[in-house]
Amino acid sequence: MVERYLSGSIGQLLERGRQLRQIVHGTYPREYDGLRQICLNNLDDIQTECHRLAQETVIDAKLQTPTRVRRFKRVAEQLNRVEGVGVFALSRMGEDDRFLNRLFTRICGEIAYPLVVPTVSHISQDYFHIYLPYNLLCIPLIESRFLLHLPDIYHELCHLFSHAQNIDLPVLETYHTAYERSQFDTVQYFLDEIIAVDRLRKPPGFRDQLEMWRTFWIKYWMQEFFCDLFGVLIAGPAFVWSHYHLCVKRGGDPFKMPLVPVATHPADDARMRAALMMLTAIGFDAEATKIEKAWREYVEIMGYHPVAEYHQCYPQTLMTGIVSAAQEGIEGTGVVVAKPDSLVSVVGLLNGAWQEFWRAPEGYQAWEAMQLETLRATIDVAL
């Protein structure tokens, strides 16, 4: 019975893959070529595995069928990912997507981005995120019609530096050297703290807490900090303002300590501290002071306060070292860094948007709409 089911369902997968390939072979702007090729490669792998399953001779069902079912599940899951991520992004391409991809090509060109330009799609149902295996950056449905959150695109670009396929690229050598050094310093810091806890014979919970923080730092937080610092280096104050914007709109307690087995992002205040340090390091002292004042006012008016363990989890000495290492490592890749007297055009626009927002908040929407209309009209000519 199970083998009869498999024979029919494998055929269903093959037909589904055939129809998905038809969608991928449609007509798309050249900015979609990379995503299309990734989808086709995945669909080819799926087709090959389906044919292997279909043609396999079953001699001992008790022995072979369980393995065949597991293989069928894996290939079905892979097909669902291709359909739900890559092909879905292609199928819902509209004018906003075309504009954003042309803009993104310009963005990556202006900053001398050292990797293949990702495809961008408005398929996110939450916030900015990137599907690394598809080189696909996702943003909310109408985000390209606004400017204030767009600096977060630069954060997502940096996530690709840590993708397995890019780890050994020579152009990223300084980045990964700096990253590994920061990882080592973090491990050493928490090891010293754990040794101190053991020496003072504190309850086991203290050691467990330190080990949990160390795991979060190494597995998740370091990459988020480096991506934030990449955003600051490339987009300047606009990126830090976008972090402020996101925290006020959607964030909770910026000093929240991790109490669960998985905490993929560090505390918002720690991220702000690191961003402000980097902003000062590249010469935006006045802007850093203004943002820090706005941040402290927000924190105070909302009544947020760090707990005693907060600064042990995010020590200033460790944060300072990470900012320094990130600057060295990122600049070593050859990307164009923001300077107070020199901003590439899109970075200049994003910083100008935040300046205009604070200059005249009530009239900002009209200014933004005019800037985007001009940008849309000129983007093809500029490319």
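Which backbone nitrogen lies 3.1 Å from a polar atom of the side chain of Ser124? It is the backbone nitrogen of Asp126. This model is predicted.

**Ser124**
- Ser124 belongs to strand β1, residues 119–124.
- Its relative accessibility is 7%, so Ser124 counts as buried.
- Leaving out residues up to four places away in sequence, Ser124 touches His129, Cys138, Ile139, Pro140 and Leu141.

**Glu110**
- Glu110 is part of helix α4, which covers residues 95–110.
- Glu110 is buried yet has no salt bridge. The nearest side chain of opposite charge belongs to Arg106, 4.4 Å away. A salt bridge must fall within 4 Å.
- The side chain of Glu110 does reach the backbone nitrogen of Val346, at 3.1 Å.
- Setting aside neighbours within four places in sequence, Glu110 is in contact with Val336, Val344, Ser345, Val346 and Val347.

**Helix α5**
- Helix α5 spans residues 152–159, and eight of its eight residues are buried. The helix is therefore largely enclosed by the rest of the structure.
- Among the buried residues of α5 are Asp152, Tyr154, Glu156 and Cys158.

**Cysteines**
- The structure holds zero disulfides.
- For Cys39, the nearest cysteine sulfur is that of Cys138, 12 Å away. Cys39 is buried, with a relative accessible area of 0%.
- For Cys247, the nearest cysteine sulfur is that of Cys227, 16 Å away. Cys247 is buried too, at 3% relative accessibility.

**Salt bridges**
- The count comes to 21 salt bridges.
- Arg36 pairs with Asp33, with their closest N and O atoms 3.5 Å apart. They sit three residues apart in helix α2 (residues 33–55), so about one helical turn separates them.
- In general, an α-helix has 3.6 residues a turn, so residues three or four places apart point the same way.
- Arg36 counts as buried at 18% relative accessibility, while Asp33 counts as partly exposed at 40%.
- Arg71 and Glu49 meet in a salt bridge at 2.9 Å, N to O. This pair links distant parts of the chain: Arg71 is in helix α3 (residues 61–91) and Glu49 is in helix α2, 22 residues apart.
- Arg71 is buried at 16% relative accessibility, and Glu49 is buried at 18%.
- Arg71 also forms a salt bridge with Glu56, at 3.3 Å. Glu56 lies in the loop between α2 and α3, 15 residues from Arg71.
- Glu56 counts as partly exposed, at 31% relative accessibility.
- Shared partners join Glu3, Glu49, Arg52, Glu56, Arg68 and Arg71 into one salt-bridge network.

Note on methods
Residues are numbered from 1 along each chain as its sequence is written. This is a predicted model: local features need pLDDT of at least 70, side-chain atom pairs count only at pLDDT 80 or more; totals for chains, interfaces and linings use all residues. Side-chain values use heavy atoms; hydrogens and water are left out. Helices (H or I, at least four residues) and strands (E, at least two) are DSSP runs, numbered from the N terminus. Buried means under 20% relative accessible area, exposed over 50%, partly exposed in between (1.4 Å probe, protein chains only). Lys and Arg count as positive and Asp and Glu as negative; His and the chain ends are not counted. A polar contact is a pair of N or O atoms within 3.5 Å; within protein, one must be able to donate a hydrogen and the other to accept it, and residues adjacent in sequence count only if both atoms are side-chain atoms. Contact means heavy atoms within 4.5 Å. A disulfide is a pair of cysteine sulfur atoms within 2.5 Å.
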